[in-house]
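Hi,

Here is the structure you were waiting for. Please open it alongside this email. My notes follow below.

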Amino acid sequence: MKQRTLFEFSAGSDGTLVTGVRLKRLKQVVWICLVAVLCGALFSGPLSTAILLVAAVALVSTLLLLQQGKIRFATGSLLCLLTLMISSLISINLGIFDLMLLGYPLVLAYAAMYSGRRFYILLFGFILLFCSTLALATLYGWLEFSQPKPTFNSFITLNILLLVSGLTMRLIARDTKDVLLQLKQENERVVASQLEIQRLAQHDPLTGLVNRTQCELGFRRAIANSSQQSVALLFIDLDNFKPINDALGHQAGDEVLQKLASLLQQQLSEQDVLSRFGGDEFVVILSQWQDSAQLEQRICNLLQSCQQEFLVQQHKIQLSASIGVTLSPADGTDFHLLCKKADTAMYQAKKMGRNRFCWYHSEMEQQQLDKFNLMMRLRVAVKQQLFTVAYQPTYDLKTNTISGAEALLRWTDAELGVIPPDVFIPLAEETGLIQELGLFVLQRACAQAMVWQKSGFALGIAVNISAMQFKQADLPKVVTQVLNDTGLAAHLLELELTESVLIDDTALVKQQIDQLSALGVRFAIDDFGTGYSNLGYLSQFSLSSLKIDRSFVARIRQNDKDLALVNGIIQLATSLGLHTVAEGVEDNQSLVLLQQAGCSCAQGYLWSKAVSPQEFESLLS
């Protein structure tokens, strides 16, 4: 509970709160009163002079208290002193007819300005009681005072009172005006702050565009004002924006977004809405168009704006964007649902090559839903290890015997049936599950190779390695651990890579390949000729064989150019001391052509598809 005292003065009377201006003003009031008291003493009678001189000494003491920072005590002393001085002078002079009565309102003004409520009430009560008592005593004849007569002393007293009142009230009024001015300025700052808070609550702080909430309100207004015309909702996502932040920093990325927002805004009318949804995503609401051709032109204009060249930090930056387009009410009237559909169409535009726009179709949403469901089932399958490993034999074309096997992952879902590897493998890479799948295949394949070895067949086993597995930088450790756990000799393990793996982060890939090659692990390039085909990597990395892609092998009977290409690959591999493995051999004529070209090994349906371990053992026997 707050403790209250008699001298509970107003805010600012405490030494820690009183401003320099307020302290200065109190000193000025005391000085004015001191000068007035001394002047009055010069023209007063002996008894009045004595009272005034005592008051003057007390006022000097009050100045000393103020100088020492004892604000509370000094203020209370000043008000009590002035009240007692006026009361004493009235009592010994003309009583209720004395001009000094005019000093009471002045004292009360000081009290109202510089003291607290409790002290003011006590002081006012004392003055009221004193004046009332004096008036009653005069009325009933208990005290007698002579009738006032105009004298020189009364003239002096009146002028002194008026001067003191005028000067001190002027000082107090100036302080009051300053306070009011400060309050006005503070109120203006509060209003400005509230407006800024409201603006920030409705706008994106980076670009100044409206946020999602205001965009939704704008969409509703557009729907309400366009009852006979469709409203288009566009979802814009910049292509390859992340490298800007990575290379130049987020400040540069923010500057690009600000400039782009300004360019996009120039393409829109006052009725259209442009909102930044977050990151490098924007949503546009278009309601001013007559037909689909005009709408497409407006969308193309927005695409061209995204392709403008920006100068940021002395770097020239040129971007592109992918846009998904939905129409209301054709695709729905719910804002959030339309945003989701436009986002789906935008991703379809990215799949189609980026830097384009794509209309939403209901089939897209079903594709997204199917992908999501497959992703969830894939997670469960990985967790419960619901996969199998099939093995396709590789034949030595000179001896026509099995020289090895390629381990291939297979997934049969209980509800969806057989899921092709080219469907779930990219999904596993996208979700990060490829690490667990890759380890699963590697462990199963090496363990199976040991089973065949114990049965008398020392076959090499080939396992595909994803680019994501190389990026983890721990592949040598993982492979070494699997070889130690299964007991398989390192030279019997061949890891198959795509050309894209060798192009991406060459230093890291080369380091891991060199570490594994030192153990004896062999490496093959899978689907050779379909990737970047930068032949420089053939001399950089420790490779053992090239696998000729099935797309070339399938056409060597009909197309002389493909036959020449296959012959060239085989000759190149031979000159580099590499084996060649032809994939997808399905007929004897192709086999003969490959043998004539000097191909080392082959695999394909001519011999066998990928089969279970038990069926593979039958092929071996």
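**Helix α7 and its start**

At the start of α7, a side-chain oxygen of N211 comes to within 3.3 Å of the backbone nitrogen of T213. Bear in mind that this is a predicted model. Helix α7 covers residues 212–225, 14 residues in total. From its first C-alpha to its last, α7 reaches 20 Å, close to the 20 Å expected at 1.5 Å a residue. Which residues of α7 are buried? They are Q214, C215, E216, G218, F219 and A222.

**Helices α3 and α5**

Next, a helix pair. Helix α3 spans residues 71–92, and helix α5 spans residues 117–139. They pack at an angle of about 5 degrees, with their axes 12 Å apart. Angles under 35 degrees count as roughly parallel, so α3 and α5 are roughly parallel to each other. On the α3 side, the contact is made by G76, L79, C80, T83, S87, I90 and S91. On the α5 side, it is made by F119, L123, F126, I127, F130 and L134. The residues of this contact divide into 9 nonpolar, 4 polar and no charged.

**V521**

Last, a loop residue. V521 lies between α18 (506–519) and β13 (522–528). Is V521 buried or exposed? Its relative accessibility is 4%. Buried means under 20%, so V521 counts as buried. Leaving out residues up to four places away in sequence, V521 touches V479, L483, A490, L493, L495 and L516. V521 and P476 are 45 residues apart in sequence, yet their C-alpha atoms are 9.9 Å apart in space.

Best wishes

Notes:
Residues numbered from 1 in each chain as written. Predicted model: local features only at pLDDT ≥ 70, side-chain atom pairs only at ≥ 80, totals over all residues. Heavy atoms only, no water. Axes fitted to C-alpha atoms, helices over the stretch in contact; angles between N-to-C directions. Helix = DSSP H or I, 4+ residues; strand = E, 2+ residues; numbered from the N terminus. Parallel < 35°, antiparallel > 145°, perpendicular 65-115°, else oblique. Contact = heavy atoms within 4.5 Å. Nonpolar A, V, L, I, M, F, W, Y, C, P; charged D, E, K, R; others polar. Expected span 1.5 Å × (residues − 1). Buried < 20%, exposed > 50% of the residue type's maximum accessible area, 1.4 Å probe, protein only. Polar contact = N/O pair within 3.5 Å; in protein donor to acceptor, adjacent residues only side chain to side chain.
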